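Okay, thanks for coming, everyone.

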Amino acid sequence: MTVPTETLSTRTARRLALCRAGLLKPEWTGMPRRAAGRGKRAREAAHRIIRRFGYLQLDTVSIAGARSHAIVLHSRLDGFDPVLWDRQRVQQLFGFHQILEIFKPAAQRIYGYYCLPVLAGDRLFARFDIKADRTNDTLQILSRHFEGGDGSRPVSAVNAEAASTALDRYAQALRLAAG
């Protein structure tokens, strides 16, 4: 007896993974779309995301303006305040303390100290190493790496606009100016 098999294109598999991770239309998988504010509703939406994943990696480093767990939730919950974590004690939200990770030496870093991926729909198109400069209220871009190029060709207008929009949105969420 032959068992039927199904195949997926790379793009379909990628979209399925991103959808399951809550990075496309969250209503497709029953995940919340918004979590405005810092109150009970925001925490409940965050808990739904965490239950979906089964975990959330905690990180005490906030070089990019927010801690990684807040960035994960902000990227999935429109209106989520990423500094919620700094204003409330991780015990209230999770019931345990955060643990500092040990980072790679600078010589082993490929994209920078705190690199964030930038997606356009289901496509990873850039990686930015950023740093929040709270003294000057700016979000500094330490390095940019656009996918699929060696740096010898100019970045397409579409990718440049998408990158600018992503950085502006992130800076606004942190109440910083994009630098």
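Asp 129 sits in strand E4, where strands (E, at least two residues) and helices (H or I, at least four) are DSSP runs numbered from the N terminus. Leaving aside neighbours within four places in sequence, Asp 129 has contacts that include Tyr 111, Tyr 113, Cys 115, Gln 140 and Leu 142, a contact being heavy atoms within 4.5 Å.

Some housekeeping. This is a predicted model, so to speak of local features we need pLDDT of at least 70, and side-chain atom pairs count only at pLDDT 80 or more, while totals for chains, interfaces and linings use all residues. Residues are numbered from 1 along each chain as its sequence is written, and side-chain values use heavy atoms, with hydrogens and water left out.

Back to E4. Strand E3, residues 115-120, runs antiparallel to E4, residues 123-133, and six bridges join them; two strands pair if DSSP finds at least two bridges. Pro 117 stands opposite Arg 127 in E4.

What does Arg 127 form with Glu 147? A salt bridge, with the closest N and O atoms 2.6 Å apart; the cut-off is a side-chain nitrogen of Lys or Arg within 4 Å of a carboxyl oxygen of Asp or Glu. Glu 147 is in the loop between E5 and H6, 20 residues from Arg 127. Arg 127 is partly exposed at 22%, and so is Glu 147 at 31%.

Now the inside. The largest nonpolar core has 19 residues, with Phe 128, Ile 130 and Tyr 170 among those with the most contacts inside it. By core I mean buried Ala, Val, Leu, Ile, Met, Phe, Trp, Tyr and Cys residues joined through side-chain atoms within 4.5 Å. E4 gives the most to this core, five residues.

Last, confidence. pLDDT is the predictor's confidence in each residue, from 0 to 100. The chain mean is 79, and 82% of residues reach 70 or more. Helix H5, residues 91-94, has the lowest mean among the elements, 46. Over residues 91-102 the pLDDT is below 50. Where pLDDT is low, the predicted coordinates should not be read in detail.

Conventions:
Buried < 20%, exposed > 50% of the residue type's maximum accessible area, 1.4 Å probe, protein only.
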